[in-house]
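Student: I have just opened this entry and would like to learn how to read it. Could you walk me through it, one feature at a time?

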Amino acid sequence: MNNIVSLRDITVEFDDEKILDSIDLDIKDKEFITLLGPSGCGKTTTLRIIGGFLTPNSGKVIFDGKEITNVPPYKRNVNTVFQRYALFPHLNVFDNIAFGLRVQKLPEKEIIRRVGEMLELVNLMGYEKRSVNKLSGGQQQRVAIARALVNRPRLLLLDEPLGALDLKLRKEMQIELKRIQKSMEITFVFVTHDQEEALTMSDTVVVMKGGHIQQIGSPIDIYNEPVNSFVADFIGESNIVSGAMIRDREVEILGRRFECVDGGFGANEHVDVVIRPEDIKVSAPSEAKLTGIVESTIFKGVHYEMIVDACDGKWKIQSTKAVEPGQEIGMRFDPEDLHIMKKMEEHRR
Ligand SMILES: Nc1ncnc2c1ncn2[C@@H]1O[C@H](COP(=O)(O)OP(=O)(O)O)[C@@H](O)[C@H]1O
Ligand SMILES: [Mg+2]
């Protein structure tokens, strides 16, 4: 697949602070790619660079093989949906969606046809004449998406578009958006700070922190093979401990040696080790190298979540069997449940 957009060595500074620090990113044509990271990490700034609302201090933006770093937004084949989607309050649903086509002075017949297609796409047939003020939050979001797609951009930028919706509606819209993206064959660059949303919707996830890209990969890659403790922690609830590689396929954590499946580290190299709560098996204390005291047990619907005090640290364990607080348990895991990561490079932000 070809790249539709490439960012090359993009740096953005505000007040002498590097907000984006030498960002390199390739976005493939027709993919659903998500920028994921905590608030303030530079997600919106990256979208603004792609949309042309901001010029980087250095670096290049390439669209379809041509440099567009200094091309203004309206000359880019890109549209944006913001969290505050700002529909035109005095216009009805039809006229909101038709707005961009009227600006282009398309014939009315063509406008009616294309708005009709969009209404069908976002499931709002029959709502043409409705005032947008009389729509629910989810319906307003659909109008905003239809309005952004009616011009058939090659690329749609979506900045936390579901942030204002309640959880149930948000989940519905996640599925809807994914369906719309597939059926229109448009590249979506989606921004969220919600890891579950990113993992559910995306072909590719870009994890950011402090103006740096930490990892780029498929949701499965990012979840199963996080490159460092930040990604592991951000993507899923994890137990992360320091350790040292004894040799390939053997790691020491908490003063005990465990078999693992990773290799290629230096002898005695310090590493971070992540163990997911769902990968820890509860056993009798005598059957495990690691034991701990259950501190709390909460029913979470599908499983129990237990906090266990072990080796001077708190461990999170998910189990289908509940253990009473105060009991001692053994904690076991298989070699493939230990994910070994390089120690993180520290950045200033
Ligand atoms: N116009 C601006 N002037 C100064 N600082 C800014 C400006 N825009 C963003 N920032 C800062 O840049 C950082 C990244 O912002 P942003 O890209 O909006 O983060 P995110 O979308 O990931 O929450 C934040 O620390 C923010 O305060
Ligand atoms: Mg933002």
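Student: Let me start with a helix: which residues are buried in α1?

Tutor: First, some ground rules. This is a predicted model, in which local features need pLDDT of at least 70 and side-chain atom pairs count only at pLDDT 80 or more, while totals for chains, interfaces and linings use all residues. Residues are numbered from 1 along each chain as its sequence is written, and chains are lettered from A and ligands numbered from 1 in the order in which they are written. A residue is buried if 20 or more other C-beta atoms lie within 10 Å of its own, exposed if 12 or fewer, and partly exposed in between, with C-beta atoms placed from the backbone. In α1, the buried residues are Lys43, Thr44, Thr45, Thr46, Leu47, Ile49 and Ile50. That is seven of nine residues, so the helix is mostly covered.

Student: Why does Ile50 count as buried?

Tutor: Ile50 counts as buried because 25 C-beta neighbours lie inside 10 Å. Leaving aside neighbours within four places in sequence, Ile50 is in contact with Val5, Val61, Val78, Leu157 and Val189.

Student: How are helices and strands defined, and how many does the chain have?

Tutor: Both are DSSP runs numbered from the N terminus: helices are H or I with at least four residues, strands are E with at least two. The chain has eight helices and 20 strands.

Student: Which strands does α1 lie across?

Tutor: Helix α1 (residues 43–51) lies across β1 (3–14), β2 and β4, and runs at about 120° to β1. Such angles run from 0 to 180 degrees between N-to-C directions, with axes fitted as lines to C-alpha atoms, for helices over the stretch in contact. Just after α1, Gly52 takes a positive phi of about 90°.

Student: In what order do the strands of that four-stranded sheet come?

Tutor: Strands of a sheet pair through backbone hydrogen bonds, either parallel or antiparallel. Here, two strands pair if DSSP finds at least two bridges between them. The open sheet of four strands reads β2-β1-β4-β5, with antiparallel pairing. Its edge strands, β2 (17–28) and β5 (66–67), each pair on one side only. Strands β4 (residues 58–63) and β5 share two bridges, and Ile62 has Glu67 in β5 as its bridge partner.

Student: What is the order in the sheet of five strands?

Tutor: That open sheet runs β13-β12-β11-β14-β20, again with antiparallel pairing. β13 (256–259) and β20 (339–342) stand at the edges with a single partner strand each, so one side of each has no neighbour in the sheet. On average, neighbouring strands of this sheet are turned by 40° against each other, direction ignored. β14 (residues 270–275) pairs with β20 over four bridges, and Val274 stands opposite His339 in β20.

Student: Which residues surround ligand 1?

Tutor: A residue is near a molecule if its C-beta atom, placed from the backbone, lies within 6 Å of it. Around ligand 1 are Phe14, Asp15, Ile19, Gly37, Ser39, Gly40, Cys41, Gly42, Lys43, Thr44 and Thr45. Helix α1 gives the most to this shell, with three residues.

Student: Into which domains is the chain divided?

Tutor: Domain bounds come from an automatic or database domain assignment. The chain is divided into domain 1 (3–224), domain 2 (238–274 + 334–349) and domain 3 (281–332). The C-alpha centres of domain 1 and domain 3 lie 42 Å apart.

Technical notes. Contact = placed C-beta atoms within 7 Å.
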